[in-house]
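Please look over the model below before you read my points. Keep it open as you go.

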Amino acid sequence: MSTATESGVQHQPGVPHEPDARHRPGQDDLPHWAGAFPPGFLWGAATSSYQIEGAVTEDGRGPSIWDTFSATPGAVERGDTGAVAADHYHRYRDDVAMMAGMGLGAYRFSLAWPRIQPDGTGAVNQRGLDFYRRLVDTLLERGIQPWPTLYHWDLPQPLEDAGGWPARDTALRFADYAAVVHDALGDRIPNWTTLNEPWCSAFLGYATGRHAPGRRDPAGALRAAHHLMLGHGLAVQAMPGAQVGITLNLTDVRALTHQALDVDAARRIDGMQNRLFLDPLLRGAYPTDVMDDLLPLGRPDHIRDGDLRTISAPLAFLGVNYYSPMLVAASDTAQEHAYPGSPKVRIADGGRPKTAMGWEIDADGLLALLVRLNGEHPSLPLYVTENGAAVDEGLRDVTRVGYLESHIGACAQALAIGIDLRGYFVWSLLDNFEWSFGYRHRFGIVHVDYATQRRTLKDSAHWYARLIRGRTR
Ligand code: FCB
């Protein structure tokens, strides 16, 4: 674990954090497009419950699938868990003060279902809800818009024991949970997100087993994908009057060559990664080519009459998580990957610089994605709800600054051509538990010294704060 000692710019717990003046020259180091963002544009940062909160047994929280999975030998690197994480559960006040110091207009976080319904159903744990009441009130006191996600992967373990997302009942339980949360907090929160990246929940959770609950059951993963979407639609119904959206991990899929087999490989991956979620939500139908690709896994008899009507309830906005494009080619041999139904497809290397995750850096992919979404659904408001980079450069994170600059520049271009993009959230506010990679990779614009829980703004946080200030002053 690295420490925060590379810099004198350290945040003492309890002290509201202002960006260091030494890192705040005038506005002249801002990119030329910095003025392109309209006044109401939402500048935010994102986190999720299991990745930062810790306190996994406190105040009545029940176990989630990530507690179980991270306790499974070999599932997470070095046996890391979210048991303590960034200790945000206890430090949220300081963290919110730090956000205010950076000038953030919004904070995207998720609520841990097992804090609120430890069994995933029935009895509500008021102490769990109280944590989010306090967090939301603290944000509002600081003028920061709370941007909650109801589900960022921490399913209550009892629901997994009862079948998990491959079971239809989980979708119904999710809607009950959504109603509980909306009743408690609906008066204070304008925009709600149901799910974060259902692709990951379904295919990493139930097909490859790289994520909790660690099952390797491709047909079950397809049922999970549908029930996640159904849960989204039922949750929309359960939150009357709320502005509800969803966040998807979408990408710009490119074929390695113009040859027919590679083009077909790209069609398949675009189908599984993008259209399998976009089409039911926004067109009320699953893409027929993708359904044909998936037929070898069995007939989709888990899809019932009326489900697609439920799933395609009008969206108030679409959240887009973008990190990297995907270059795709046909393969002679079957590959192990997260795309059931298309084994003879491989992910190719585009030869661009990569982040510490091995993800290629290409901001053009973000622009292409926004252009596509706007072209297909012109009246749908868009938010970039995650974008950022894992880099191992400590506090002088020049690669992350470059990454953010190029991708926010792509957002500026999107605005310039009339795309209805309303906000941008950097992933992530804090270094955190990066799922099966544990604490190896650091995504935060704020460094966390896990030994002391000291927070320190990295250069990227100072840069982002200047960008926001340059825009809003
Ligand atoms: C996304 C997840 C988020 C984080 C980033 C790096 O897929 O939503 O929790 O892990 O990737």
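The numbered points below go through the model part by part.

1. Ground rules. This is a predicted model: local features need pLDDT of at least 70, side-chain atom pairs count only at pLDDT 80 or more, and totals for chains, interfaces and linings use all residues. Residues are numbered from 1 along each chain as its sequence is written, and side-chain values use heavy atoms, leaving out hydrogens and water.

2. The barrel. Eight strands close into a barrel, in the order S1-S2-S3-S4-S5-S7-S10-S11. Their pairing is parallel. Helices (H or I, at least four residues) and strands (E, at least two) are DSSP runs, numbered from the N terminus. Two strands pair if DSSP finds at least two bridges between them.

3. Helix H13 (residues 363–376) lies across S7, S10 and S11. H13 runs at about 145 degrees to S10. Helix H14 (residues 398–416) lies across S1, S10 and S11, at about 170 degrees to S11. Contact here means heavy atoms within 4.5 Å. Axes are lines fitted to C-alpha atoms, for helices over the stretch in contact, and angles run from 0 to 180 degrees between N-to-C directions.

4. The ligand. Which residues surround the ligand? Among them are Gln51, His152, Trp153, Tyr323, Glu386 and Phe443. Polar side-chain atoms lie 2.9 Å from a ligand oxygen in asparagine 196, 2.5 Å in glutamate 197 and 2.8 Å in tryptophan 435. The protein covers 95% of the 290 Å² of accessible area that the ligand has on its own. Those areas come from the Shrake-Rupley method with a 1.4 Å probe.

5. The open sheet. Three strands form an open sheet in the order S6-S8-S9, with mixed pairing. Strands S6 (253–255) and S9 (345–348) stand at the edges with a single partner strand each, so one side of each has no neighbour in the sheet. Neighbouring strands here are turned by 40 degrees against each other on average, direction ignored. S6 and S8 (residues 326–330) run parallel and share three bridges. Valine 253 has methionine 326 in S8 as its bridge partner. Helix H10 (residues 260–283) packs on this sheet and touches S6, S8 and S9.

6. Salt bridges. How many salt bridges does a search of the whole structure find? It finds 35. A salt bridge is a side-chain nitrogen of Lys or Arg within 4 Å of a carboxyl oxygen of Asp or Glu. One joins aspartate 130 and arginine 133, at 2.6 Å from N to O. These two residues are separated by about one helical turn because they are three residues apart in helix H5 (residues 126–141).

7. Backbone points to check. Most residues other than glycine have a negative phi, and most peptide bonds are trans. The bond from alanine 212 to proline 213 is cis, with omega near 5 degrees. Proline 213 is in the loop between helices H8 and H9. Tryptophan 427 and serine 428 are also joined by a cis peptide bond, with omega about 10 degrees. Serine 428 is in the loop between S11 and S12. Aspartate 59 is not a glycine, yet has a positive phi of about 50 degrees. Its loop lies between helices H1 and H2.

Key. Near = heavy atom within 4 Å. Polar contact = N/O pair within 3.5 Å; in protein donor to acceptor, adjacent residues only side chain to side chain.
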